[in-house]
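I opened the structure today to look up a few things about its side chains. My notes follow in the order I took them.

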Amino acid sequence: MKTNLLIVLAAGVFSLSACTNNPEKQSAQNASSDSVSNQVMIPEKSNFQTTIDGKQTDLYVLTNQNDMKVAITNYGGRIVSIIVPDKDGKMVDVNLGYEKVSGYQQANEPYFGALIGRYGNRIGNAQFTLDGKAYKLPANDNGQSLHGGPKGFHAQVWDAKKINDYTLELTYLSKDGEEGYPGNLNVKVVYSLTNDNAIKMDYTATTDKATVVNLTNHAYFNLNGEGNGSINNHVLLINADKFTPVNASLIPTGELKSVKGTPFDFTTPTAIGQRVDADDEQLKFGKGYDHNFALTNSSTELKQAALVSSPQTGITLEVLTTEPGIQFYGGNFLDGKLTDGKGGKKYEHRSGFCLETQHFPDSPNQTSFPSTVLKPGETYSSTTLYKFATKQQ
Ligand code: BGC
């Protein structure tokens, strides 16, 4: 624990409206804070410093004026820790993850915090046809392709450039043919931590051959604190009047179905657990929520996609995106068997949720869905914000 980065913050510096920009006031608040109950740890940097695939990995910490902290490793471009205050001013890490980079290399690792590409979510039968040519992908999920394949972007070492205290730029060249996809794809993801407590992710990509691209982030959140029980008591709003139902292999049927009168209606804030075990075929297929929601406003402008809050801690997460869809995954496949979780935690069933902004799953095979094709000369561009706030008592 010697060199662990200790984050000790005082109550009230981080709220919906108030933030402290005055360094003197800030340090007075820090000095008067309860240094035992307010301690929260970012894993040691040295636990992330190694060589993978001949490239150096590391851990980078972003900080904003309110002393919110976000730790990111360039292994898979993964968010490792997100540290925000709860309603009592106690600092909480709301992001599930591992103590060491080796945790993220485990075979059963569920994409904690990862950048996902070249194609987020599933492509049916692990194949697609583009410009008359068939492409075969590695089938890493029950005959389907999931999250860009076993060696997708989540398992690659990105080149990292820390621009300033609050900005990290990650770049990666995905070579022609990598994981079955055509074209050399140059990808850039800029993570910035804003002073209104948002993790902003700007994705851009260019290619030298026509290809398909669907990039996202796979952070698992628990707004009660990572490892702190079920997320079913969280209250969720999703601004989607339709979702894309799936078959038993979790591939969309092609239908855009109204959420009205179904357990998928989150157009008004509803506890996640309220209907998760309802007698519903779609919930059975997903073993709970694991579905793409088609945002009511599908434009490429930045708009609110979802808003989640924990009544327990008062922490809220707002998701804004330029994407037309969002995958709400309720942590159904977490089983308490992972090792090396932060503080030795094992992460039980439904103890984390993901809100993955995206184009719809299986779009390369579904002509009615918004296109994911990127051609030479075009620039793929996508922005998502995970914005945090704390409702004061
Ligand atoms: C998928 C789930 C999958 C999870 C972790 C989500 O994006 O929709 O089906 O189990 O990622 O692998």
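**Entry 1: Tyr203 and its surroundings**

I listed the contacts of Tyr203 first, leaving out residues up to four places away in sequence: Leu115, Lys188, Val189, Leu215, Thr216, Asn217, Tyr380, Ser381 and Ser382. I note that the model is a predicted one. Tyr203 belongs to strand E17, residues 198–207. Is Tyr203 buried or exposed? Its relative accessibility is 2%, so Tyr203 counts as buried, the cut-off being under 20%. I then looked up a polar atom of the Tyr203 side chain and found the backbone nitrogen of Asn217 3.3 Å from it. I also checked Ala114, which is 89 residues from Tyr203 along the chain; the two C-alpha atoms are 13 Å apart.

I went back to Ile82 for its contacts beyond four places in sequence. They include Met68, Val70, Val92, Val94, Ile199, Phe221 and Phe388, and also Lys69, Asp93 and Asn95.

**Entry 2: Aromatic rings**

I counted aromatic pairs next and got 24 in the structure. In one of them, Phe48 and Tyr104, the centres are 6.1 Å apart with 50° between the planes, and the pair is tilted. Phe48 is in the loop between strands E2 (39–42) and E3 (50–52), while Tyr104 is in the loop between E8 (91–93) and E9 (115–116), 56 residues apart. Both Phe48 and Tyr104 are buried.

Phe264 sits in the loop between E22 (257–258) and E23 (270–271), and Phe293 in strand E24 (residues 290–294), 29 residues apart. Phe264 is buried at 1% relative accessible area, and Phe293 is buried at 0%.

One aromatic cluster consists of Phe48, Tyr98, Tyr104, Phe112, Tyr220, Tyr329, Phe333 and Tyr347.

**Entry 3: Charges over rings**

I found Lys45 over the face of Tyr60, 5.5 Å from the ring centre. Arg275 lies over the face of Phe266, 4.8 Å from the ring centre.

Technical notes:
Residues are numbered from 1 along each chain as its sequence is written. This is a predicted model: local features need pLDDT of at least 70, side-chain atom pairs count only at pLDDT 80 or more; totals for chains, interfaces and linings use all residues. Side-chain values use heavy atoms; hydrogens and water are left out. Contact means heavy atoms within 4.5 Å. Helices (H or I, at least four residues) and strands (E, at least two) are DSSP runs, numbered from the N terminus. Buried means under 20% relative accessible area, exposed over 50%, partly exposed in between (1.4 Å probe, protein chains only). A polar contact is a pair of N or O atoms within 3.5 Å; within protein, one must be able to donate a hydrogen and the other to accept it, and residues adjacent in sequence count only if both atoms are side-chain atoms. Rings of Phe, Tyr and Trp (its six-membered ring) pair if their centres lie within 6.5 Å; planes under 30 degrees apart count as stacked, over 60 as edge-to-face and the rest as tilted. A charge sits over a ring if NZ of Lys or CZ of Arg is within 6 Å of the ring centre and within 35 degrees of the ring normal.
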